[in-house]
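Subject: Structure handover: pocket and cavities

Hi,

Here is the structure for you to open.

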Amino acid sequence: MRCAPRLFANAGLTAGLLVSSFAWAAPQLSVFGTLGAAVSDQDFVYQRHLTDNGTVIHDSLLGLQLDAALNQQVQLTVQTKFAASTHDDNAWEPSLSWAFLSWRPDNDMLLRVGKLRLPLMLYSANSDVGMTFPLARMPQELYSLLPSTDVKGLAVSKTWLHATREWTLESYLGETRSDWRYFMREELLPEFTPGTLYIGTEMTLVGVVLATSNDDSTWRIGFHHAEVESDYGALPSDYPFVPIAPGIGYFKVFEALPGPPVPTVEKLLVDVLTVGMDLALPHDWRVLGEYGRRRISNAIIGPDTSAGYLALLKTIGRWTPYVYWAGIRSHKDALGLYQKVNRNRVPEFIPDAALLNATQRLAADLQGAVDQYSVAFGATYRLSPTSTLKTEWSHTRTGATSYMVDAPFAEENGGRQINVFSLLYSFTF
């Protein structure tokens with residue numbers, strides 16, 4: 001997989017030659033967006049932006065998509081959006097979501113090269129276009145499994161019909177740079193200060209997705225593998241415990257501390273299984289459900305998680321009321337390590353006790369562990385074929401911890417309850 005950068009550079013050169021060799025057809029421009037407002041009942045931050053002060057940055061975005069047919073088989077697609085920054089909690093920024101060439105040698109085969117959307121979840125490809133899914137927003141418990149779903153790479157899909165059912169097999173190879181967000185409760189200068197911390201990562205991904213659908217329902221399953229490297233270099237894979245006295249000690253989380261070496265890995269090896277369904281039921285009922293298992297095979301770390309949701313909807317004229325349950329939880333070994341490190345304290349009479357205790361909380365925060373579930377009630381009202389109005393109330397509870405909660409300094413983010421009310425207007429034309 002080390003050859004990926006050279007592969008994508010060559011692919012980009014090929015795409016450029018293809019563009020220059022075809023005459024441009026009249027392009028088609030689409031505009032989409034969401035105007036959203038949300039408020040919680042808590043004074044701390046949830047999901048980067050949500051507080052009792054209210055926010056419009058969490059859901060609002062404006063996007064443009066350009067499609068240009070270069071001939072009957074080759075098409076150029078470019079999509080850009082203006083939305084909340086992915087590496088600054090208080091900023092808006094433009095970004096290029098898609099920029100790829102697609103080649104369809106026949107009706108059943110499609111090849112794409114460039115920057116494109118990772119086929120991770122049922123609504124990953126269109127998660128920015130609020131008109132295209134019935135919930136106010138897709139549950140973040142599942143849709144936050146990867147910090148970025150836009151990759152630079154290659155994708156090949158094959159479609160075939162069997163009786164009344166359509167089957168699609170899609171495979172891809174890509175790489176992306178993204179930022180993992182952490183909230184630090186302690187200070188350890190010069191590297192760590194209390195508050196938000198973004199750590200850049202490089203990911204190489206490969207995967208395959210099989211989907212089947214008829215006029216009413218869709219099933220899909222995907223297998224994905226990622227290799228993740230951090231801007232911080234080698235990553236701890238575990239924390240050895242250093243005893244000081246009977247019943248007293250600390251977890252060695254940084255090499256500068258006394259004790260045995262901290263085991264590290266140069267890159268995280270991540271395997272992701274995704275399963276999804278969208279089922280039509282009699283009398284205009286509908287069930288949506290997805291599950292994701294993110295397994296980290298070479299480290300004990302919080303992002304080793306299981307997540308999913310189940311939603312029930314009913315269409316009544318222009319209205320689609322719904323209810324869903326969603327949850328995400330780190331694997332028991334990772335969650336157990338988080339709890340042991342987070343709770344560990346040495347008595348004040350131990351030399352450098354304050355420093356040692358600060359390292360424990362810092363390391364716990366860097367684990368990225370999570371244990372929470374949500375329930376939500378909402379409704380979508382279709383104003384027109386190109387616009388919808390959505391409203392939702394959600395209730396979230398955290399168990400041992402949740403990286404989605406920025407707890408007040410020196411407090412815990414576990415054991416929290418958050419209610420969020422949202423109102424969104426989505427459109428496309």
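The second largest pocket holds about 820 Å³ of space. A pocket here is an open set of points on a 1 Å grid over the protein atoms alone, with protein on both sides within 12 Å along at least five of seven lines. A volume is the space filled by probe spheres set on the points, which are joined across faces, edges and corners. Lining residues have an atom within 4 Å of a point.

This is a predicted model: local features need pLDDT of at least 70, side-chain atom pairs count only at pLDDT 80 or more, and totals for chains, interfaces and linings use all residues. Residues are numbered from 1 along each chain as its sequence is written, and side-chain values use heavy atoms, without hydrogens and water.

The second largest pocket is lined by 32 residues, and Arg112, Ala125, Ser157, Thr168 and Glu170 are the closest to its centre.

There are also two cavities of 30 Å³ or more. A cavity is a set of points where a 1.4 Å probe fits but cannot get out.

- Largest cavity: the volume is about 140 Å³. Of its 16 lining residues, Phe183, Asp365, Ser402, Tyr403 and Asn413 are the closest to the centre.
- Second largest cavity: the space is about 120 Å³. It has 15 lining residues, and Tyr46, Gln47, Arg137, Tyr324 and Ser394 are the closest to the centre.

Best wishes
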